[in-house]
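Q: I am new to this structure and would be grateful for a close look at a single part of the model. Please then relate that part to its surroundings.

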Amino acid sequence: MNVRAIPPAQRLSRRVKLTVLAVVVAVTGSVVTATAWGDESGPGDVVPLDRVVPAPVSVKANEGQSFELESDAAIHATAGSKDAKAAADLLAGLLRKPTGFELPVQSAEPGAETSGIALVLGGAGTGKNPGAYKLDVSDDSVTIRANKREGLFNGVATLRQLLPVQVESPEVKEVAWKVQGGQIVDQPRYGYRSAMVDVARNFMPAEGVKRYIDQLSRYKINKLQLHLADDQGWRVEIKSWPKAAEIGGSSGINGLSKGHYTQDQFKDIVKYAWARGITIVPAVEGPDHMHAALASYAKLNCDGKAPKVYEGYIKSEEGLMCIKDADTYAFLDDAIGELAKMTPNSEYIQIGGDETQGRKAADLKYYFKKVKAIAAKHGKKVLGWGEAANSLAPKDTAIQYWASGINDKELITAAKGGAKFVMTPSKHSYLDMKYNKAKPEYPVGNTWAGTISIKQAYEWSPDKLLKGLPASSIQGIEAPLWTETVFGPDQFENLAFPRLLAVAEVGWSPEKAQDWKSFEQRLAAQGPRLREARVNYYLSPEINWPDGS
Ligand code: TNX
């Protein structure tokens, strides 16, 4: 892909950004009040049962009933189930802050009558889909049933959106915590629903990653790929090669966002994500885009000399791993081994394969065969960017499709040979693309794949991107956020939100439930929620945002 044509990243002050938003609003004439914190659900009101993103499979409201969470309520979890307890702990943790209630988590024998909220694992009658759940709301109780851990977490995410907007508040709020009566029966279209953060180009501290995890879990994203190593940075401590993080983590684009996670911090992120239903998938580029590692150890370079760290914007000419050198694989063996140990719940490790033009096909085959064997030795399957399909044997491999017209035939052959696909279309799901061509220009983001409006992020289907790719090979979707142009949390969130919600719905909802008009209305209702959660989302003029957005 041609990232070379992009002008150098510019820092953006908050004032400039607010001006841009104001201009966009003025141009389109849409009425946007960004001052109030949102009070959509006063006492007596309930959120309609179908006002959920991503759209559930089936919703039946029971207008005659509604549940109100009282201060003495308990959250019940199926006795003896670690998973039900984990989901109950998550829900209690989410609700305690805004309600100010104690909400003790108590175990309940299967089949026991409970009042309050109950999370029931097993016997849900929701079929084989591990993400499936059923939510029942009556005057007396809310019950979430699922057969698997994942399903319970998905039910919790739905319930969160059915409570008043103030549920997202970091402070105690005085409202009636009511939920509309009825039933939702729901399951995901795809099991793999991922976001990606490029912490290599610009480092994102652990608190930032955790904040993103909080937002992702609200929309049933269940994987977070962390792009831990690229030319501009190596972002995680490797105990057996300590200089990788010490030296390789001491850089960042324009020297602005540097750093790395210690192993304790990284393990803490993995744990934090898992407690919110999200699996961290580690990603390390290769054999190109590896300047940070090469700057850390002279012996990883073909000429035995370490280059200085790299803080430029485009791919480094010097970031090329030495494919025939044993040190390369000794390093990758240790690094992948340590990463694999720290990510026990991930089936995959992402091993790159991007932008290897100029390499010989035989060399790439040699490299990926070795790296795949290393990953397998440490219990992981491999996930690689589209171009890697030419070099990776399809068994136990997943490919991230990002564009057509590069190696379409090879992608289809890989799929027919058993490779799985994570659809990551740069024209729809790359959250680092600008929203529009408005002038003055939206101040952050890339344009090499075009601009991506919310509608463009919404109107696509994973099985219609590449003609001839068998639908059965598609296991899911990803929305990456590459960070060459992105400095700090405000800019990051403005690119991610609200487009992430569009991609989340593409990955979750049945194709027939995907309808822009319906999505636009449900998305608009998320405005006050995102505002309440202090998310710096983009008030795009495409959406008719309500007061409090
Ligand atoms: C392409 S598509 C990349 C990344 C850049 C991104 C910027 C792909 C696999 N790689 O290296 O960060 O464009 O949008």
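A: In this predicted model, Gly319 is placed in the loop between α7 (291-296) and α8. Its relative accessible area is 0%, under the 20% limit, and Gly319 is therefore buried. Leaving out residues up to four places away in sequence, Gly319 touches Asp231, Pro287, Asp288, His289, Met290, His291 and Leu294. By contrast, Ala373, which is 54 residues from Gly319 in sequence, lies 23 Å from it in space, C-alpha to C-alpha.

Met290, one of the residues touched by Gly319, is also touched by Phe331. Phe331 is among the residues with the most contacts inside the largest nonpolar core, together with Tyr212, Leu224 and Trp234. That core has 116 residues. Helix α8 (residues 326-342) gives the most to this core, contributing seven residues. Another core lies apart from it and has 36 residues, including Ile75, Ile117, Val142 and Trp508. In soluble globular proteins, nonpolar side chains tend to be buried together.

Ser251 lies in the loop between α5 (243-246) and α6. Ser251 is buried, because its relative accessible area of 1% is under 20%. Neighbours within four places in sequence aside, Ser251 is in contact with Gln232, Gly233, Arg235, Ser257, Lys258, Val309, Tyr310 and Glu311.

The axes of helix α4 (residues 206-218) and helix α6 (residues 263-274) come within 10 Å and cross at roughly 10°. Since an angle under 35 degrees counts as roughly parallel, α4 is roughly parallel to α6. The crossing of α4 past α6 is right-handed. On the α4 side the contact involves Ala206, Val209, Lys210, Ile213 and Asp214, and on the α6 side Asp268, Ile269, Tyr272 and Ala273. By class, this contact has six nonpolar, no polar and three charged residues.

Another helix pair can be described in the same terms. Helix α2 (residues 82-99) and helix α3 (residues 149-162) pack at an angle of about 20°, and their axes are 9 Å apart. The two helices, α2 and α3, are therefore roughly parallel to each other. Here too the crossing, of α2 past α3, is right-handed. From α2, Asp83, Ala84, Ala86, Ala87, Leu90, Leu91 and Leu94 take part, and they meet Arg149, Leu152, Phe153, Val156, Leu159 and Arg160 of α3. The classes in this contact are 10 nonpolar, no polar and three charged residues.

Helix α12 (residues 489-496) is mostly covered, with six of its eight residues buried. The buried residues of α12 are Gln491, Phe492, Glu493, Asn494, Leu495 and Ala496. Lys517, in contrast, belongs to helix α14 (residues 516-532) and is exposed, with a relative accessible area of 62%. Lys517 and Lys455 are 62 residues apart in sequence, and their C-alpha atoms are 10.0 Å apart in space.

Conventions: Residues are numbered from 1 along each chain as its sequence is written. This is a predicted model: local features need pLDDT of at least 70, side-chain atom pairs count only at pLDDT 80 or more; totals for chains, interfaces and linings use all residues. Side-chain values use heavy atoms; hydrogens and water are left out. A nonpolar core is a set of buried Ala, Val, Leu, Ile, Met, Phe, Trp, Tyr and Cys residues joined through side-chain atoms within 4.5 Å. Buried means under 20% relative accessible area, exposed over 50%, partly exposed in between (1.4 Å probe, protein chains only). Helices (H or I, at least four residues) and strands (E, at least two) are DSSP runs, numbered from the N terminus. Contact means heavy atoms within 4.5 Å. Axes are lines fitted to C-alpha atoms, for helices over the stretch in contact, and angles run from 0 to 180 degrees between N-to-C directions. Angles under 35 degrees count as roughly parallel, over 145 as roughly antiparallel, 65 to 115 as roughly perpendicular and the rest as oblique. A crossing is left-handed if the near helix is turned anticlockwise from the far one by less than a right angle, and right-handed if clockwise. Ala, Val, Leu, Ile, Met, Phe, Trp, Tyr, Cys and Pro count as nonpolar, Asp, Glu, Lys and Arg as charged, and the others, Gly among them, as polar.
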